[in-house]
Amino acid sequence: MPNRKRGRSVMMQMLGGLLTLGATLYFGAYFAEKERYRLRELEELEQASLMMQGQISYLAMPLPELFEGIGQKLQGELRGIFLEAAERMQGRAGDSAEEIWKNVWEKRIKATFLTERDLEAILTFGKTLGYADREQQTGSMALFQRYLQETRTQGKKRLEKNGKLYYSMGGLSGLLLVVTLL
């Protein structure tokens, strides 16, 4: 009987150790993937701004139609943001395009992988919506696109540098916990 209890105890310790190691590896992978998702969203946002630039420059399309058309071409949370902005602009009751843009983004930013710094750039870009003429809006979009390109470049470098580190740190911290607990 004592051997059975001891055998079960060892098995429980091994199972606990494996679960701990698995959880810490998962957290390491989560941080690496979080950066990848952010880069995808920044790329998608850049494509959306290029579409906006073309539509405003050549077709002079109204913002609600513009956002709806762009939203149909996007995926994930960005799709929802553009479609909600379009819907609210169509039925706006005195709110400016800038206010609607700001409210929608502030409400839904937490569902994205974008940072506060990204939000600041998005809201700064939104200040020209509906107020500026075509040239000013095009210039504002060019600045926003430059921000997105630079941010994506920095993010790719950071992911190359730290991606493996996140996985390694997750595994090593898990091993440290297992050894400490045993």
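Select Ser-140 and show its neighbours. Leaving out residues up to four places away in sequence, Ser-140 touches Phe-125 and Thr-128. Touching here is contact, meaning heavy atoms within 4.5 Å. This is a predicted model: local features need pLDDT of at least 70, side-chain atom pairs count only at pLDDT 80 or more, and totals for chains, interfaces and linings use all residues. Residues are numbered from 1 along each chain as its sequence is written, and side-chain values use heavy atoms, with hydrogens and water left out.

Is Ser-140 buried or exposed? Ser-140 counts as buried because its relative accessibility is 12%. (Buried means under 20% relative accessible area, exposed over 50%, partly exposed in between, with a 1.4 Å probe and protein chains only.)

Next, select residues 134-181. This is helix α6, and Ser-140 lies in it. Helices are DSSP runs of H or I, at least four residues; strands are runs of E, at least two; both are numbered from the N terminus.

Now show the whole chain as a cartoon. Count six helices and zero strands. The radius of gyration is 24 Å, well over the 16 Å that the globule rule gives for 182 residues, so the chain is more spread out than a compact globule. That radius is taken over C-alpha atoms, and the rule is 2.2 Å times the number of residues to the power 0.38.

Last, colour by burial. Of the 182 residues in the chain, 38% are buried.
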